[in-house]
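Please consult the sequence and structure shown here while reading the points below.

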Amino acid sequence: MERCAHGAAARTFGGMTETVSNEIRVIPPSRVWMRIFALVYNPFLWLGEIAGMRSRRSALLGDARGRVVEIGAGTGLNVEHYPDQVDELVLTEPDASMRRRLTRSLQHTGRVARIVDAPAECLPFADASVDTVVSTLVLCTVPDPERTLGEIARVLRPGGQLLFLEHVRAKSRFLAACQDLLFRPWRGFAGGCCCNRPTADLMRANGFTVAADDSVWRGMPAIVHPLIVGRATR
Ligand SMILES: C[S@@+](CC[C@H](N)C(=O)[O-])C[C@H]1O[C@@H](n2cnc3c(N)ncnc32)[C@H](O)[C@@H]1O
């Protein structure tokens with residue numbers, strides 16, 4: 001059994017990860033709310049998907065290759081966009097309610113993939129065993145982004161890539177101030193999502209070279225409008 005390299009204790013609680021270490025203790029959303037969140041997730045994103053997100057997912061995932069591991073796969077909105085040529089598709093998701101919907105999405109599309117119950121901070125894959133890691137709207141939510149990026153770096157093969165599509169802290173001072181103001185209520189509503197996280201900076205600080213385009217997540221509240229889409233390598 002492959003195990004988490006850093007040895008942190010990580011467990012699922014109410015479907016979300018509570019990572020316990022000397023540095024952090026993130027109180028997860030309640031189990032009941034996470035069930036509701038999984039239920040309303042696709043309807044809540046619907047407008048944003050037809051207003052551009054769906055085509056962004058498709059363009060990004062067209063570059064997936066080899067052994068692919070998606071972190072926080074959620075309800076499976078990416079599943080239909082993976083090229084048939086990928087060698088293996090593994091979808092990780094720590095939340096049980098999300099995993100049920102992910103299973104249905106696989107059945108619906110007929111796509112072959114393995115679903116794994118694991119937090120991104122503790123990926124059950126060997127070092128240097130993955131060609132592509134995919135993260136869409138997940139690095140905003142993981143309780144410990146540094147640890148997650150460390151895990152992604154660990155599992156990627158030399159020459160491997162992280163494909164990402166993430167909403168991030170706004171460059172506009174006004175919008176960033178709104179993100180800071182609404183951080184708590186949004187996090188409570190959106191299953192632990194941090195709307196003001198400077199994810200590209202975190203990637204660079206954790207040793208990744210980042211090639212990203214800025215975009216706007218239309219059809220969603222303004223605090224999650226600023227998007228980055230691209231590829232990160234080590
Ligand atoms: C906003 S949803 C994004 C779902 C999907 N990736 C998408 O693009 O629609 C965030 C996802 O991250 C998952 N998540 C929460 N904590 C996580 C963790 N520690 N590791 C991996 N995924 C996590 C949630 O269960 C949820 O499915």
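The points that follow cover the ligand site and then the salt bridges. The model is predicted. In it, the ligand sits in the largest cavity, and 22 residues surround the ligand.

**Surroundings of the ligand**
- The closest of the surrounding residues are Tyr-41, Arg-57, Gly-72, Glu-93 and Thr-136.
- By class, the shell around the ligand consists of 12 nonpolar, five polar and five charged residues.
- At least two residues of this shell come from strand S2 (16–20), and at least two come from helix H1 (31–61).

**Polar contacts and cover**
- Gly-72 places a backbone N or O atom 2.8 Å from a nitrogen atom of the ligand.
- In the side chain of Glu-121, an N or O atom is 2.8 Å from a nitrogen atom of the ligand.
- An oxygen atom of the ligand lies 2.6 Å from a polar side-chain atom of Thr-136.
- On its own, the ligand has 590 Å² of accessible area, of which the protein covers 97%.

**Salt bridges**
- The whole structure contains 14 salt bridges.

Note on methods: Residues numbered from 1 in each chain as written. Predicted model: local features only at pLDDT ≥ 70, side-chain atom pairs only at ≥ 80, totals over all residues. Heavy atoms only, no water. Near = heavy atom within 4 Å. Polar contact = N/O pair within 3.5 Å; in protein donor to acceptor, adjacent residues only side chain to side chain. Areas by Shrake-Rupley, 256 points an atom, 1.4 Å probe, with all protein chains shown as cover. 1 Å grid on protein atoms, 1.4 Å probe; cavity = no way out; pocket = protein on both sides within 12 Å on 5 of 7 lines; lining within 4 Å. Sits in = over half its atoms within 2 Å of the grid points. Helix = DSSP H or I, 4+ residues; strand = E, 2+ residues; numbered from the N terminus. Nonpolar A, V, L, I, M, F, W, Y, C, P; charged D, E, K, R; others polar. Salt bridge = Lys/Arg side-chain N within 4 Å of Asp/Glu carboxyl O.
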